[in-house]
Amino acid sequence: GKWTYLTEGSIDQVAPADGLAGTALTINGTGLLGGGATLVSVTLGGTEVESIASATNTEVKVVAGDRGAGKVDVVLTANTGATVTKVNGWQYVAAAVISLVSPDAGQFGTRVTISGTNLLQGGTKADEVPLAGIPATIVSSNNTAVVVDAAASSGQVVVGDVVITADTGSF
């Protein structure tokens with residue numbers, strides 16, 4: 001019998017470079033399947049990803065699992081047992097905290113400023129901001145303030161949460 005050593009796999013890029021649980025990641029490189037046919041595991045800092053959406057030798061798409069903030073190793077494990085690792089290849093960011101919604105009531109067209117920390121959760125902009133379940137029009141967004149204009153409601157008083165979804169999105 002013969003044995004052939006294959007070129008070691010290499011992770012060139014993980015995009016986005018940071019995020020939190022639920023962030024859709026694209027991992028690019030070469031030999032990502034480690035000589036195997038499939039990946040049996042992808043971990044970020046020892047935490048299994050929520051899902052592996054697709055995997056080829058040059059691109060792997062996953063959704064990050066839940067873990068504390070910090071730089072972490074990205075480890076792909078093939079069905080052969082071979083691993084491809086990028087040390088400190090991704091960073092979990094701290095969860096967002098909304099500290100103030102001002103004003104906290106209004107009607108169609110009311111300009112609302114949502115203040116806090118890490119509001120974009122590793123993203124570059126807010127993609128969706130519902131106020132009490134009704135999508136608002138985004139005026140501007142950064143990690144400490146998101147400004148929106150309230151949309152029309154059903155005409156009834158509606159009370160609910162403010163949610164910010166950043167562009168760390170899904171596939």
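Me: What is the relative accessibility of Lys 125?

Reply: In this predicted model, local features need pLDDT of at least 70, side-chain atom pairs count only at pLDDT 80 or more, and totals for chains, interfaces and linings use all residues. Residues are numbered from 1 along each chain as its sequence is written, and side-chain values use heavy atoms, with hydrogens and water left out. Lys 125 counts as partly exposed because its relative accessibility is 40%.

Me: With which residue does Asp 127 form a salt bridge?

Reply: A salt bridge requires a side-chain nitrogen of Lys or Arg within 4 Å of a carboxyl oxygen of Asp or Glu, and the structure holds two of them. Asp 127 is partly exposed, since its relative accessibility is 41%. With the closest N and O atoms 2.4 Å apart, the salt bridge of Asp 127 is formed with Lys 125.

Me: In which order do the four strands of the open sheet lie?

Reply: Two strands pair if DSSP finds at least two bridges between them, and S15 and S16 pair in the antiparallel sense over four bridges. Strand S10 (97–102) and strand S15 (137–141) are the edge strands, each pairing on one side only. The pairing in this open sheet is antiparallel, and the order of its four strands is S10-S11-S16-S15.

Me: Which residues have the most contacts inside the largest nonpolar core?

Reply: A nonpolar core is a set of buried Ala, Val, Leu, Ile, Met, Phe, Trp, Tyr and Cys residues joined through side-chain atoms within 4.5 Å. The largest such core has 19 residues, and those with the most contacts inside it are Ile 27, Leu 44, Leu 76 and Trp 90.

Me: What is the angle between the planes of Trp 90 and Tyr 92?

Reply: Rings of Phe, Tyr and Trp (its six-membered ring) pair if their centres lie within 6.5 Å, with planes under 30 degrees apart counting as stacked, over 60 as edge-to-face and the rest as tilted. The structure holds two aromatic pairs; the rings of Trp 3 and Tyr 5 have their centres 5.9 Å apart and their planes at 90°, so this pair is edge-to-face. Trp 3 is exposed, with a relative accessible area of 68%, while Trp 90 and Tyr 92 are both buried. The pair of Trp 90 and Tyr 92 is edge-to-face, with 4.8 Å from centre to centre and an angle between the planes of 80°.

Me: Where is the place of Asn 118?

Reply: Asn 118 is buried, because its relative accessible area is 19%. Contact means heavy atoms within 4.5 Å, and, leaving aside neighbours within four places in sequence, Asn 118 is in contact with Val 93, Ala 94, Ala 95, Ala 96 and Asn 143. The place of Asn 118 is in the loop between strand S11 (111–117) and strand S12 (126–128).

Definitions and conventions
Helices (H or I, at least four residues) and strands (E, at least two) are DSSP runs, numbered from the N terminus. Buried means under 20% relative accessible area, exposed over 50%, partly exposed in between (1.4 Å probe, protein chains only).
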